[in-house]
Amino acid sequence: MSAFWPHLLRPFWLLIVPLLIWLLWRLWHRQRQIGRWQRLLPETFHAALLTRGRLRNSRLPWVALGLAWLLACLALLGPSWQRLEQPSLKRADPLVVLLETTPAMLAADSPPSRLEQAKRKLLDLIESRPDAQTAVVVYAGSAHTLVPLSDDLATTANLLNVLSPALMPEPGRRADLAVAQGLALLEQGAQGRGRLLLMTSAIDDAAQQHIAELLGGRGERLAILGIGSEQGAPIAGEDGSFLKDENGAILIPRLDNAGLRRFAAELGGRYQQARLDDADLRNLGLLEASGGVLKQDETTRLDAWLDQGYWLLLPLLLLAACAGRRGWLFCLPLLLLQPQPARALEFADLWLRPDQQGQRLLQAQRPGEAAKRFDDPRWQGIALYRAGDYAAAAERFATGDSASDHYNRGNALARSEQLEAALEAYEQALERQPDLAPAQRNKALIEELLRQRQQEPAPEQPQTGEQPGTEATSAPPPSAQTSPTTPDTTQPATPPPNAEPGASEAPANASQASEPPPAEADTEDAATPLEDLPARERQQAMEQWIRQIPDDPGELLRRKFLYEQRKRQELNR
């Protein structure tokens, strides 16, 4: 190729050139219409009086228009005279490992257990691929992403260390769901390229059929690593006893070696039984640089053309500026733009959304202003609650229908002395989440308050024969008496930043108040700013909240898997 002729990155834009040439030819040869003044005035005066007509005779605008179209077309073609060399140190070999996490993986025929052997084998595999991306999907009756496509060995090792069948929300052995999850990860993170490694001891017939459908005609992408032995071993429980089946017999899960090998052959994939060395992974082709994959110490130089068409935009902008000054056809698209409505703009509007501005005002102890900023009605309710406008807060919480919304509404109504309405709100919260402990406690306290009010003696009536004008002595009103039981409504259940408000366990007293995250996430309480308490009590409440934060990754994984499974069940309804 000549050094003067550019390489075109987008040559398909050449198809528009004939249309532009035809349109320009039509504009060039169009017949000029004779105006009314040319009919009325003598031809001798046309040159002196009809200046607009003389300008319309000029074909300079069409020349400029043709030049502008030519420049725009050349810019769209993507001309390039320069190559780029891009070093790549990443291995183009994405892999998704599908790990069975069922009680059968606790069998001790591969000491100390099948699951521990699979974990070690998986870590060895990832260590041998430090420059490649590897994802981990765990499955039982449901499939969940433990680690997305990544080369972070430390995170993978940390999560694998706490992995156990007790974390899985659904019993079963749905390897087909794991394959579907793995293909989705490859589609999202690797444009559909990559392989799957299934680490299991058996696959039932229904799952095999579904896996074949999911892989289509590309069964060679799936490699199967059998974990365990054909003799099997019993499954020891936490109390030392062995798991038993429905008939009371001890369960002895066995490796379906022949069935897995046959299934892999039908798909066109590979199968190996797990071994103590790395021969099994090597036979599966997982330790080789196959399919254009790079070794660890190799680099590749990818030739790419640098798009230099943007330089043509400079003369195009100059032509557009001149044409706009003369009022040519270039300015017609500007007439199609609608003006934006004028409004006052603050500096914070450039960087923060209204809800973010409201959160900052709420943290600055300005709840009244925060309520005006929030767009989210739940956050508005929380701001109004802190501002003391409990009636308005109850109205905002009434717009939602979750357990946390009804719980917060009950707190606001209780603050407004509307105990019956508060009791009904707590009951609705418990209908949606029966294990919501703060709603249970506040409901019981409200019922006790109503009972105490009913048992209070009625005001004394004036005695017969009392002198006129003498005032009768009556008991103080119920609202003036101090009740020994008061529902905890110090703070509403407040969501963390950038999350929906949610319910959680309410504190037992004001010094231990906490702001929980969403109830759907099933997480622990978050901290509440306690503005009305002394500094020492706030510090004690903060320390107590910090002690409540779970630091067990296994518990976090269990809640994450449970949350994902609930979401899927809701979508499938």
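**Close-up views of a predicted model**

View 1. Buried means under 20% relative accessible area, exposed over 50%, and partly exposed in between, with a 1.4 Å probe and protein chains only. The model is predicted: local features need pLDDT of at least 70, side-chain atom pairs count only at pLDDT 80 or more, and totals for chains, interfaces and linings use all residues. Residues are numbered from 1 along each chain as its sequence is written, and side-chain values use heavy atoms, with hydrogens and water left out. The structure holds 4 aromatic pairs. One of them joins phenylalanine 12 and tryptophan 13: ring centres 6.0 Å apart, planes at 35 degrees, so the pair is tilted. Rings of Phe, Tyr and Trp (its six-membered ring) pair if their centres lie within 6.5 Å; planes under 30 degrees apart are stacked, over 60 edge-to-face, the rest tilted. Phenylalanine 12 reaches 52% relative accessibility and so counts as exposed. The rings of tyrosine 385 and tyrosine 390 sit with centres 5.2 Å apart and planes at 75 degrees, so that pair is edge-to-face. Tyrosine 385 is buried, at 3% relative accessible area.

**View 2. Aspartate 109 in its loop.** Aspartate 109 lies in the loop between strand 4 (91-100) and helix 6 (114-127). Helices (H or I, at least four residues) and strands (E, at least two) are DSSP runs, numbered from the N terminus. Aspartate 109 has 17% relative accessibility, so the residue counts as buried. Its side chain makes a polar contact with the side chain of arginine 114, at 2.8 Å. The aspartate 109 side chain also reaches the backbone nitrogen of serine 229, at 3.0 Å. A polar contact is a pair of N or O atoms within 3.5 Å; within protein, one must be able to donate a hydrogen and the other to accept it, and residues adjacent in sequence count only if both atoms are side-chain atoms. Setting aside neighbours within four places in sequence, the contacts of aspartate 109 (heavy atoms within 4.5 Å) include Gly228, Gly232, Ala233 and Pro253.

**View 3. Glycine 554 in helix 21.** Glycine 554 belongs to helix 21 (residues 553-572). At 6% relative accessibility, glycine 554 is buried. Leucine 163 is 391 residues away in sequence, yet the C-alpha atoms of glycine 554 and leucine 163 are 6.5 Å apart.

**View 4. The hairpin of strands 5 and 6.** Strand 5 and strand 6 form a hairpin with 3 residues between them. The strands run antiparallel, and 5 bridges join strand 5 to strand 6 (residues 143-150). Two strands pair if DSSP finds at least two bridges between them. Threonine 134 has serine 150 of strand 6 as its bridge partner. Strand 5 (residues 132-139) is mostly covered, with 7 of its 8 residues buried.

**View 5. Glutamine 209 in helix 9.** Glutamine 209 is part of helix 9 (residues 205-215). This residue is exposed, with a relative accessible area of 54%. Glutamine 209 and phenylalanine 263 are 54 residues apart along the chain, and their C-alpha atoms are separated by 9.7 Å.

**View 6. The chain around these sites.** The protein chain has 21 helices and 12 strands. Of its 573 residues, 38% are buried. Among contacts with a separation of 6 or more, 66% link residues 24 or more positions apart.
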